[in-house]
Amino acid sequence: MTTPAITVRQLRKTYSYGRRAPGWRGILSSETVTLDAVAGVDFEVARGERVAIIGPNGAGKSTTLKMLSGVLEPTGGSAEVLGLTPWRARQALAYRIGVVFGQRSQLWAELPARDSFRLLRRVYDQEAASFERRLGELTERFGLAEILNQPVGRMSLGQRMRCEITASLLHGPELLFLDEPTIGLDVTAKAAIRDFVRDHARDHGQTVLLTSHDTRDIELVCERVIVVNRGRIVVDQPTDQLRKRFLGRKVITLQSAGAAIAVDLPGVTTRPSQAHTTILEVDTRQVRVEQVIAAALAAGGIEDVTIEDPPMEEVIHDIYAAVG
Amino acid sequence: MRLVRLYFEEVAAAIRCAFADRANFAIQVGGMLLNNGVFLALWWMFFAGFRSVGGWGLADMALMLGLMMTLFGLCGVLLGGYRDLAATILRGEIDAILTQPTGVLPRLLARESSATAWGDIVGGLVVLTLFAHLGWRDLPAVALALVCGMAVFASAGIAFASLAFWAAGARSFARDLTDFTLLFSSYPGSIYRGAVKVVAFTVLPAGFVVMLPVKLVRAPGWESAGLVVLGAALYMALACGLFDLGLRRYRRGASSAG
Amino acid sequence: MTSTPLSVEAVRAPSFARTLAAMGAALRVGVGQTAAAWPVLGGRCLFYALIMVVLSALWDRVAAERVAGAIAVPGDLAVYVGVTEWITLSIPALHLKLEDEIRGGLLEPHLLRPKPYFALAFAQGFGAALVRLAALGVTGLVLLEVSGRAAPPPSALGFILVLGLLGVACGMLLYALAGLMAFWARRTLPFQLVIQKLMFLMGGLFAPVSLYPGWLRQASEASPFAAHLYWAGAQAIAPSAAMFARGLAWQVAWIVLLTLACLALWRAGLAKVLRRGGV
């Protein structure tokens, strides 16, 4: 067995800040408040594994990712990433990892993407030949040829995101950190990014650690899920198992002219809602979506149907409810 | 009358916004005072060395700088919206105001009130009282000079910004023109000759913003007062006319803005 | 599962040379960005021309009238101001970029890269300055020709070019100090204003510091603000190799000192960000 790509032991981060009392008293005194953003987590990620970290806002996902990429010093505990301690060897580690922040651009908005990539070649000390080869390969697989000479600031969000991911892969990182890579994208753009990240990582044996609010990102890209809440790990298991337990649900919303529609099938529960609207929660392990739709249509009077995955917050809520 | 009240209520709201972040407000005002102080110190050193230029001494320069700072500050506080009017037009923010029953231009001007402008007002008044050699008898002339200078300066800003109704690139151009007017208005009026003087009394109306008003304060008379008032009236008419023309174009949908 | 392991393709040569190569690339980016925004560049040239019209009018009037008791004008001050304004208007707003990125939490993407952020930001800014120096320099020479003034001798132009380039570096480092204060202060405007005003006064933006009273002249000459403006401007009115050497020595000394000061501020600020995860 080779050494893992990431080993984390009792990693902690505590923020402390002064809170001032309101009014004039606040000018004279302030009390120090501490917040445990990450409260001692342990996990390992094997080389070539693709792992998702999920949790509600403020659960400590981003803080963990920052510490593992070396831009934040922990309060306690240890971590080893590719054999290095990230916060002590930030620059050495930087050559070997790629990072994408979904909500932050790392490219130069006024410049064509190609110029940003060329600057990054110098930043990562890459040989011209290997750089051109990789850029060619990524351009082809990611369909960038047409936008390569466009200023990043004038691209659509989907185009920009593809360029961001390309930028983080050009220097051939062994490990890829993705923080909300599909946030704000439309369905097609999301699909393109998921397929690309998964296939690229699989073909190159690349390790991936991602955070997301979109359950599809996790299902389609990652083999394993770590759920965190209030700075602690709540669940750590393969995606397959998690899907069976929590992700096998759909929410069907029916609009009808008349009264609410009753669908009486196993695995279907009706949620309370307004008049003319029926919300059904479907357990896809027990019943197929098309069966539910057929039953509803048979009842008659339907004007509109939407089928959705339950939002991440609900899935997480279910998980918390299950683990207590 | 209703319009005037509405206008002052809007300005008051904008001023409260500028005051909201007190530390920031203090820093901006302090920075502006420092800025103006150093500028005055430079001129003080200049006149200590060279005594006079084109018949102007330190007191005349102080009068001019004091008028400029004060009227620039008053414009920033009372008509703050003039500063980025071109951007407001280009972003199509006029639409919301067009749906309301009151005048468009006053509403646009009253939208914003600059914090740094208070530094200019305080600095300007200090310079006027301490260095400009003014007496109580000069007060009416100074007041007239300030009001007319303000009208010309703001009118020039509005006219420049109205170009945004015709050309999308007018935003930085309008700001540059306003800065150029400010630049022309910050040096002794006596140094300009020939073509430069023509520019100072037309496109970049520094002549009407400060130079003539300085003359009015130093040698009050019906003629100079008439010229100052006439200049202000002309520029105001020009600015309103240009804005109105642009607004009509905008309503027809022919404008580049929106 | 197929697996073609990715390796670090970089050859880790002496890291200083590698950093210089990356700075070179960043400089080219700065050149490209500034050249691409040519309307802005044109506006700056126009501003330069206008301010020169005003300031030449001022100094020509002063030179033309000999007021009793006034100090003598040492040569054509319009050309002197032409040089100091050339440098002043070439400086990019490095302090605003630093403030934006530090305060806006935009440092992280840069910290995730193996090259020092400050060096790259400075190089990129210097690239922008080079384009402006060239465009404004041409504008200045055209103005000189049109106005029919006596141009400085060619050797002096060479001196002005060298001192001008280093003067821009001094000015950028001074503004960088203000920008780096963003690690501790929400707004860097006050620091920037203080530095700018000292540039006007002690740097001799509008008139050579040699006209100042004794003590102020000496203090100004030894200051980083004179290294930024005065020494290059002085070559326009009284070109001499000795003055050039003196100016060059002051500039090199101040560039070293200011660089050290910037690096110290950067280290301290970075330590804060790494510990607290933000400013």
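Predicted model: local features only at pLDDT ≥ 70, side-chain atom pairs only at ≥ 80, totals over all residues.
Between chain C and chain B, 3 residue pairs are in polar contact, with both partners at pLDDT 80 or more.

Salt bridges are the next item. Across the interface of chain C and chain B, the rule finds 0 of them. How much area do chain C and chain B bury between them? The figure is about 2800 Å², and 78% of that area lies on carbon and sulfur atoms. As for the residues involved, 32 from chain C are in contact with 31 from chain B.

Let us now look at the side of chain C that touches chain B. Which elements give two or more residues to that side? They are α2, spanning 38-64, and α8, spanning 189-201, both of chain C. Of the elements, α2(C) gives the most, namely 13 residues. By residue class, this side of chain C divides into 25 nonpolar, 2 polar and 5 charged residues.

I turn now to chain A, and to a contact within one chain. The domain assignment divides chain A into domain 1, made of 47-75 and 85-245, and domain 2, made of 248-323. Please note, when you follow the chain on the screen, that domain 1 of chain A is given as two segments. The contact draws 16 residues from domain 1 of chain A and 11 residues from domain 2 of chain A. How far apart do the C-alpha centres of these two domains of chain A lie? The distance is 34 Å.

Between them, domain 1 and domain 2 of chain A bury about 1100 Å², with 64% of it on carbon and sulfur atoms. Four elements of chain A each supply at least two residues of the side of domain 1 that touches domain 2: α8 (215-221), β8 (224-229), β9 (232-238) and α9 (239-247). The largest share of that side, 4 residues, comes from α9(A). The residues on this side of domain 1 of chain A fall into 8 nonpolar, 4 polar and 4 charged.

Thank you for your attention.

Conventions:
Residues numbered from 1 in each chain as written. Chains lettered and ligands numbered in written order. Heavy atoms only, no water. Domains from an automatic or database assignment. Contact = heavy atoms within 4.5 Å. Buried area = accessible area lost by both parts, 1.4 Å probe. Nonpolar A, V, L, I, M, F, W, Y, C, P; charged D, E, K, R; others polar. Salt bridge = Lys/Arg side-chain N within 4 Å of Asp/Glu carboxyl O. Polar contact = N/O pair within 3.5 Å; in protein donor to acceptor, adjacent residues only side chain to side chain.
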